[in-house]
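Please look over the chain shown here, with attention to its strand pairing and to the contact between its domains.

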Amino acid sequence: MKKYFVIGNPIDHSLSPKLHNHWLKENNIDAIYDKKKIDENDIENIITKLKNKQISGINVTVPFKKIVIPYLDKLSLEAEQTQSVNTILLNNDNLEGHNTDIVGFIKSIKNLNFDIKDKKIFILGAGGVVPSIIFALNKLNVSKIIISNRTKKKAEDLKSQFNNLEILDWGDINDFDVIINATSLGLNKESINLDFSKFTNNKLFYDVIYNPAETNFLKEGKKLGNRTENGKLMFIYQAFEAFKLWHGVEPQINSNTLEIIKND
Ligand code: ATR
């Protein structure tokens with residue numbers, strides 16, 4: 001039986017095993033997908049197991065998406081440009097790193113029927129998933145990307161990777177059409193200490209968090225009359241793309257799939 005893993009730290013919250021195992025069963029694929037909490041010094045060992053075909057594929061999550069890169073032989077263009085890998089596979093004895101978060105984000109936006117082209121985007125946070133979101137937004141031809149992070153240095157580091165960014169101090173707010181929460185604020189019912197009261201309609205409030213399904217950030221955006229969206233479809237579509245890369249099959253996304261990743 002083939003084995004797949006998602007590696008990260010923490011990893012308890014990950015719903016990837018639930019989703020992948022559901023799709024494996026649905027497609028009659030003889031494989032199992034599990035989660036593994038690792039430390040940085042375990043990375044070499046687990047990647048060697050992939051090289052030796054003891055395991056067949058790895059998803060990578062926070063905080064290892066960049067750290068795995070030196071262990072790989074090849075990167076997709078998207079993984080190279082974002083310096084972020086979330087899916088690893090062995091292809092002709094080459095360890096390949098891919099980034100399916102980008103397509104995940106793009107598909108989640110397309111699914112909204114929200115015309116994001118030429119829109120002004122304000123990103124909160126500069127953590128592991130943000131390079132993928134910026135890459136995706138540039139592909140979607142947005143007009144401007146403003147970013148604000150508690151630790152300003154991390155936002156500045158991103159600017160050396162993506163030169164079209166504007167940086168704001170944490171706590172300041174700028175005019176926007178779309179605001180994206182990519183911080184971890186909201187995972188544990190925290191609010192974001194910003195005054196959104198000027199932004200009262202037709203804006204899009206997007207939260208990368210999908211569990212809880214509605215963070216205080218989304219609640220507030222909605223109360224002010226704006227559209228809101230959580231990160232559920234981004235999560236599902238990144239898994240969809242990884243599944244396709246590993247198994248050559250497009251798994252089904254339907255109401256069943258959405259039900260499966262409800263974490264209750
Ligand atoms: P990592 O930073 O390891 O990549 P992440 O979950 O991808 O982890 O990112 C967490 C994001 O939430 C970061 O942007 C972090 O800001 P810092 O870079 O300053 O750490 C942000 N974050 C977490 N707790 C926060 C808080 N209490 N206030 C503001 N931002 C916070």
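In which sense do strand β7 and β8 pair, and over how many bridges? Strand β7 (residues 120-124) pairs with β8 in the parallel sense over five bridges, where two strands pair if DSSP finds at least two bridges between them. The model is predicted, with local features needing pLDDT of at least 70 and side-chain atom pairs pLDDT 80 or more, while totals for chains, interfaces and linings use all residues. Residues are numbered from 1 along each chain as its sequence is written, and side-chain values use heavy atoms, without hydrogens and water.

Helices (H or I, at least four residues) and strands (E, at least two) are DSSP runs, numbered from the N terminus. Strand β8 (residues 144-148) is largely enclosed by the rest of the structure, because four of its five residues are buried, that is, under 20% relative accessible area with a 1.4 Å probe, protein chains only.

| Strand paired with β8 | Bridges | Bridge partners |
|---|---|---|
| β9 (residues 165-168) | four, parallel | Glu166 and Ile146 |

The domain assignment, automatic or from a database, gives domain 1 (2-99 + 233-260) and domain 2 (102-230). Between them about 1,500 Å² is buried, 63% of it from carbon and sulfur atoms; this is the accessible area (1.4 Å probe) that two parts lose on being put together, summed over both. Thr82, Leu233 and Met234 supply 39% of the area that domain 1 buries against domain 2.

Terms used: Buried < 20%, exposed > 50% of the residue type's maximum accessible area, 1.4 Å probe, protein only.
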